[in-house]
Amino acid sequence: VRELGDSPSERPGPDLPAHRRPHTSARDLERYADLFAARTRVMRSSAMRDLMAVTARPEVISLAGGLPDTSTFPPSSFAAQMTRIAQESSAQALQYGPTEGFARTKECIAEVMAAEGMRPDPDDVIVTTGGQQAIDLVAKTFVDPGDAVICEAPTYPGAVPVFTSYQAETIQIAIDDDGMRVDELEATLDRLAAAGRRPKFIYTVPSFQNPAGVTLSAERRRRLVAIARERELLVVEDNPYGLLRYEGEPLDPLYKLDGGDYVLYLGTLSKILSPGIRLGWLVAPPPVMEKVVLGKQATDLCTSTLTQYFVAEYFAEGRWREYVASLIEIYRSRRDAMLDALARHLPPQARWSRPEGGLFLWATLPDYLDTTDLLARALRDNVAFVPGAAAYVDGAGSSSMRLNFSGSNEDEIVEGIRRIGEVITEQVALYGSITGEHRIAAADPGDAAEGGDVVPFRRAT
Amino acid sequence: VRVAVLKGGRSLERQVSLRSGARVEDALAELGHEVVPVDVGADLVRRLKQVRPDVAFVALHGSGGEDGTAQELLEILGIPYTGPGVAACARAADKVVAKHELRAAGIPTPDWVAFNATAFRELGAADALEEIEAQLGFPLVVKPARGGSALGVRFAARRDDVPEALLAAFSYDDRVMLERHVPGRELTVGLLDGEALPIVEVLPKEEDRFNYEARYEIGRTDYVCPANLADADADAVGEAAVATWRALGCEGFARVDLLLGPPGPEVIEVNAVPGLTDTSLFPMATEAAGLRFEDACGRIVELAGRRAGAAITR
């Protein structure tokens with residue numbers, strides 16, 4: 001988007017550069033429309049997209065993003081690491097690299113995975129441009145148009161457009177506070193099998209799920225892995241937040257339980273180091289890896305060499321776990337601030353999850369509230385969240401919302417939740433007066449004790 | 001001529017406005033005007049004083065830009081601006097006010113009832129819903145009084161749908177209206193200097209004709225321009241659009257949305273600053289009239305000058 005040019009030289013004149021050439025007419029665009037591939041009909045809600053664009057205004061407290069806090073990474077370390085790269089490895093760092101990624105990067109990845117008890121063969125690992133590319137490569141490798149893909153309901157909103165762009169039929173399985181309902185998964189698999197179908201994979205974020213904040217229980221983890229084995233199905237385990245646990249005992253990743261036969265593993269440094277460096281990875285057995293490497297070659301040849309050099313330097317300092325520990329302290333306080341604010345400011349009709357880690361929690365409101373409309377109302381009070389419908393493929397989730405607690409400080413979180421609570425309370429009361437269900441008592445913002453206990457997270461199924 | 005193109009702003013239609021503005025900038029630059037894009041924010045007045053444009057092209061949609069607010073500021077600063085004046089914008093932006101004007105001028109518009117939230121909170125308006133529903137019948141359409149792009153607009157097919165639809169509409173405005181649903185063909189008429197351009201017919205591909213998505217996604221909706229109408233119908237629609245223009249006191253350019261049922265056209269709403277994006281209907285209509293979008297923009301700038309009493313020509 002062009003901005004106001006103060007100097008005449010910045011103003012667009014008659015000599016337009018190519019990118020500024022006059023727009024084509026609506027008719028010309030209709031002509032393009034005929035050429036678009038069917039998969040471009042991904043089209044998520046434009047209403048939501050336009051609303052989300054407004055959330056970027058500086059005066060808006062946005063609990064909508066999924067941003068880790070990168071402000072605590074010491075600039076001096078960053079400078080020292082980059083300087084070392086420039087002085088010692090400039091030519092190599094500016095060069096192409098292998099499609100699979102450097103061995104040194106894979107050693108760093110091995111350290112991160114070992115922290116959760118996993119020891120993959122380095123040959124089974126490919127370094128990707130963020131975890132998002134790993135999802136894309138998996139879908140590219142497995143999904144033909146019309147294939148079934150299974151994921152959670154709600155699921156990671158960023159996965160939905162990936163599946164849709166490969167024209168998968170995305171089937172969502174309900175979750176509760178123990179994560180994906182594996183009993184429902186089995187029922188769905190039976191139903192598919194009866195129709196002679198088999199999903200290409202089951203995509204899951206088992207730990208501190210985005211967006212719901214719930215964690216798949218140990219028992220369900222074992223069951224899910226067993227189902228995969230029994231039925232010879234692939235599970236794609238996306239684990240961006242596993243190391244960001246604020247309480248409770250760590251649970252074994254699915255990859256560890258399975259040993260890597262039926263579980264493909266996706267990892268990322270986005271939440272424990274930086275999303276800006278775009279470094280993720282995929283762990284898959286050799287036959288799968290062969291196809292994934294071809295897919296990645298076609299996409300971008302290799303992951304940024306400079307990024308991989310930076311990661312190697314960073315890990316060589318040996319303090320990455322300390323940094324993660326410092327993030328855990330910060331995010332735990334922010335989560336607690338959010339949970340506390342929710343209890344004080346949300347009316348008793350609202351429920352929310354209580355995540356033991358990660359970046360998000362999920363709040364569910366009375367079903368007559370549509371959170372996309374509610375976002376429009378909330379934006380008038382300068383606060384934003386992600387409407388729940390973004391996490392579903394079928395328009396469900398319209399009375400839920402995702403709230404992020406990693407990207408704002410505690411004061412902002414408390415104030416943001418206070419404003420959201422006010423808007424919800426107002427809408428609930430208004431609904432009461434419209435339906436004549438009279439005066440559903442508004443929660444008194446000043447009364448913490450009565451304001452509503454944390455209600456266990458239960459999804460209606 | 002130095003033209004400040006006002007776009008963006010804080011309204012929920014910011015993204016659409018940015019696209020309208022970008023297209024207008026290209027058009028005006030092609031005509032040889034000196035274009036200064038202005039993303040409207042808290043520094044608008046300061047920027048305008050600094051830029052000192054000969055004319056402001058208002059490409060803002062929704063609250064603040066289409067309701068007379070920006071126009072009022074431009075009046076104070078003595079900067080000629082495109083499109084309808086302050087009063088016409090204020091009338092068009094509020095669908096309820098606009099409908100009163102239409103009724104007063106004898107222009108058909110579907111029956112409606114409007115409420116603000118206070119009516120429900122303090123005056124027990126809920127108790128009148130039954131009578132309202134009996135009068136308007138089902139399905140009915142629930143809309144926020146202000147706001148465009150179908151945000152917050154819901155169909156209520158049954159009684160049970162009404163409370164949720166009202167609540168959705170109240171998310172966008174403190175005043176909402178329930179409107180009788182008129183089955184008919186969806187038409188829109190662009191007007192340039194009070195003259196009707198060829199009629200556009202909107203043929204949604206999907207069930208929900210108030211689908212916000214469809215309005216801005218290429219290929220989601222079919223448009224026919226000029227609409228394939230019997231001469232008598234086309235005349236009636238054109239006349240209703242021109243009468244609407246007059247009743248609201250529009251100037252420059254605007255767009256009138258209508259429904260054409262068996263009894264004739266009924267006016268639904270007036271857009272004081274219609275969308276000017278690549279997929280918008282106003283540009284489609286000017287092109288169908290043999291007027292390039294660039295030349296239409298040139299004309300709109302000229303009209304702004306004429307109103308201001310200053311000849312704005314190159």
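Predicted model: local features only at pLDDT ≥ 70, side-chain atom pairs only at ≥ 80, totals over all residues.
Residues are numbered from 1 along each chain as its sequence is written, and chains are lettered from A in the order in which they are written. Local features need pLDDT of at least 70, side-chain atom pairs count only at pLDDT 80 or more, totals for chains, interfaces and linings use all residues, and side-chain values use heavy atoms, with hydrogens and water left out.

In chain B, 4 strands form an open antiparallel sheet in the order E4-E7-E5-E6, where strands are DSSP runs of E with at least two residues, helices are runs of H or I with at least four, both numbered from the N terminus, and two strands pair if DSSP finds at least two bridges between them. Strands E4 (112-116) and E6 (154-156) of chain B stand at the edges with a single partner strand each, so that one side of each is left without a neighbour in the sheet. Neighbouring strands of this sheet are turned by 25° against each other on average, direction ignored. Strand E5 (residues 140-144) of chain B is joined to E6(B) by 3 bridges, and B:Val142 stands opposite B:Arg154 in E6(B). Helix H5 (residues 95-104) of chain B packs on the sheet, touching E4, E5 and E7 (175-180) of chain B, and its direction makes about 45° with that of E7(B); contact means heavy atoms within 4.5 Å, and angles run from 0 to 180 degrees between N-to-C directions of axes fitted to C-alpha atoms, for helices over the stretch in contact.

A further open sheet of chain B comprises 3 strands in the order E2-E1-E3, with parallel pairing. Here 6 bridges join strand E1 (residues 2-7) of chain B to E2(B), and B:Arg2 stands opposite B:Glu34 in E2(B).

Over all chains, 54 salt bridges are counted, each being a side-chain nitrogen of Lys or Arg within 4 Å of a carboxyl oxygen of Asp or Glu. One of them links A:Glu317 and A:Arg84 (3.4 Å, N to O). Because A:Glu317 lies in the loop between helices H11 (305-316) and H12 (320-345) of chain A and A:Arg84 in helix H3 (residues 75-93) of chain A, the pair ties together parts that are 233 residues apart in sequence. A:Glu317 is partly exposed, at 28% relative accessible area; buried means under 20%, exposed over 50%, and partly exposed in between (1.4 Å probe, protein chains only). In chain B, B:Arg255 and B:Asp257 form a salt bridge with the closest N and O atoms 3.1 Å apart, and both residues are buried.
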